[in-house]
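Good morning, everyone, and thank you for letting me take a few minutes of the meeting. Please look at the structure as I speak, and follow the residues along with me.

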Amino acid sequence: MRKTFVTRLVTLILLLVFLLSACQNVPSDPALVQQTMQAAIALTLTAAPSSTPLPTATSTPTPTVTPTQVIVSYGPTNFPENVNPLTGLEVDDPSILDRRPVLVKVANQIAARPHAGLSDADIVFDYYIGSGGDRFTALYYGNDSTKVGSVRSGRYVDVPLVQMYEGILGMVSAYEPVLDSILGTLGGRVINSEHCDDRYQAICRDGPATDETNVFSNTAEMSKLYESRDPEGNSRPVLDGMAFATIPPSGGVTANQFTVHYGKNYNQQWIYDPATGKYLRWIDQVDYRGDATMIPLIDRNTGQQLSFSNVVVIFAELDVLNSDDSIHQYKFSSRGGRALVCRDGKVYEVTYNSAWNQPFSFYDSEGNPFPLQPGNTWMHLVGLGSKVEESPAGTWLVSLRMP
């Protein structure tokens with residue numbers, strides 16, 4: 001562009017020079033023409049507008065593409081063949097669902113921590129066993145775990161839980177009246193620590209018999225052992241009742257922290273992690289003076305802190321059956337029992353229903369199925385009179401109250 005501008009300007013000046021010369025009848029002087037051209041070029045280089053420079057290429061960061069959340073909604077009936085009706089998640093191999101769920105008793109006394117295999121569970125039931133303590137029943141259906149425990153004794157509450165989920169139960173014996181009730185109702189669906197041999201490593205001890213915390217189960221081996229007893233009975237059950245949706249329901253109240261207090265040094269605390277959309281699990285650590293602080297609850301199999309998509313509190317009739325507070329019985333509502341559901345950083349007041357052969361189901365205030373976030377669920381079982389407090393805002397505490 002600059003060269004074209006110069007050429008045109010020089011041509012115009014020379015034309016003017018020749019015209020003036022012609023008008024004045026002056027002979028053309030080559031030296032004068034040469035001087036005029038040099039002056040014109042100099043003038044052009046000085047006065048010609050500079051061209052606009054091209055923009056310098058700069059490295060523009062590529063915007064990070066946020067993955068689009070897959071929106072799903074399943075249940076409470078008509079689950080696809082490859083979707084676990086207890087988590088709302090797809091399974092890699094649908095054949096794993098062609099069996100009864102496996103429920104395992106897991107100790108929670110301080111000597112038994114950290115626990116093994118709880119991160120693989122679809123559901124963990126957490127219930128009171130007396131003297132301020134609690135125990136877990138972990139349910140495995142869409143996943144297996146090679147090491148769950150430590151395994152402890154059965155309780156009355158296991159009878160309705162195993163019936164509701166049509167499962168099999170792994171435990172280490174039980175108090176005689178409780179054992180009679182469990183065996184009398186569940187029969188061959190009970191597997192204990194005697195079932196460890198060359199064929200099946202279902203529930204085995206990995207240390208001295210004097211240590212009650214070294215018994216562990218293998219859930220796949222438990223399924224194989226039960227199938228050897230009842231090949232036709234270990235088929236896919238109908239587990240309708242729960243609903244799941246990735247989009248949170250409307251309403252709810254902020255719940256960044258949620259704690260269930262069963263007794264001294266038995267605080268089950270959850271802190272919501274927005275980055276993962278899950279609740280992270282914390283538990284008491286007791287020093288030599290008996291004082292407790294909260295530490296992450298780790299799965300010894302993975303070394304990772306437990307995280308759950310849903311935290312549920314179920315209020316049920318809780319009866320103490322003996323004078324020393326060591327034998328209890330839960331009675332769940334068949335219609336309209338109170339429950340709290342924590343998901344996506346909020347807590348919702350809902351109702352639950354239970355039936356002897358159907359999983360817990362949840363409903364909103366209008367009677368519509370209340371969906372859980374697809375994923376694993378931790379269910380705390382507490383008494384009807386248990387106290388619920390919020391202080392400060394977003395921090396919740398449920399304290400067990402006995403009749």
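In this predicted model, the side chains of arginine 152 and glutamate 212 meet in a salt bridge, with 3.5 Å from N to O. This pair links distant parts of the chain, since arginine 152 lies in the loop between β5 and α3, which covers residues 158-164, while glutamate 212 lies in the loop between β8 and β9, and the two are 60 residues apart. Are these two partners buried or exposed? Arginine 152 has a relative accessibility of 15%, and it counts as buried because the cut-off for that word is under 20%. Glutamate 212, at 43%, counts as partly exposed.

Between β8 and β9, the latter being residues 215-217, the antiparallel pairing runs over three bridges, and within it cysteine 204 stands opposite phenylalanine 216 of β9.

Let me come back to salt bridges, of which the structure holds 14. Another one joins the side chains of aspartate 319 and lysine 331, at 3.6 Å from N to O. Aspartate 319 counts as buried at 19% relative accessibility, whereas lysine 331 is partly exposed, with a relative accessible area of 42%.

A further salt bridge is formed by the side chains of glutamate 389 and lysine 387, at 3.7 Å from N to O. In this pair glutamate 389 is partly exposed at 31%, and lysine 387 is partly exposed at 41%. There is also a network of salt bridges, which links Glu81, Asp98 and Arg236.

Now please turn to strand β14, residues 278-286. With strand β13, residues 266-273, β14 pairs in the antiparallel sense over five bridges, and aspartate 273 has lysine 278 in β14 as its bridge partner. The hairpin of these two strands has four residues between them, and in this hairpin glycine 277 takes a positive phi near 70 degrees.

β14 is also joined by five bridges to strand β15, residues 292-296, and these two run antiparallel; here glutamine 285 stands opposite threonine 293. Their hairpin has five residues between the strands, and in this hairpin glycine 290 takes a positive phi near 90 degrees. Finally for this strand, β14 pairs with strand β16, residues 307-308, in the antiparallel sense over two bridges, with leucine 280 standing opposite serine 307.

I will end with a residue in a loop. Leucine 89 has its place between β1, residues 73-74, and β2, residues 102-106, and it is partly exposed, with a relative accessible area of 39%. Which residues does leucine 89 contact, leaving aside its neighbours within four places in sequence? They are Asn82, Val83, Asn84, Pro374 and Gly375. Leucine 89 and glycine 375 are 286 residues apart in sequence, and yet their C-alpha atoms are 6.4 Å apart in space.

Notes: Residues numbered from 1 in each chain as written. Predicted model: local features only at pLDDT ≥ 70, side-chain atom pairs only at ≥ 80, totals over all residues. Heavy atoms only, no water. Pairing = 2+ DSSP bridges. Buried < 20%, exposed > 50% of the residue type's maximum accessible area, 1.4 Å probe, protein only. Contact = heavy atoms within 4.5 Å. Salt bridge = Lys/Arg side-chain N within 4 Å of Asp/Glu carboxyl O.
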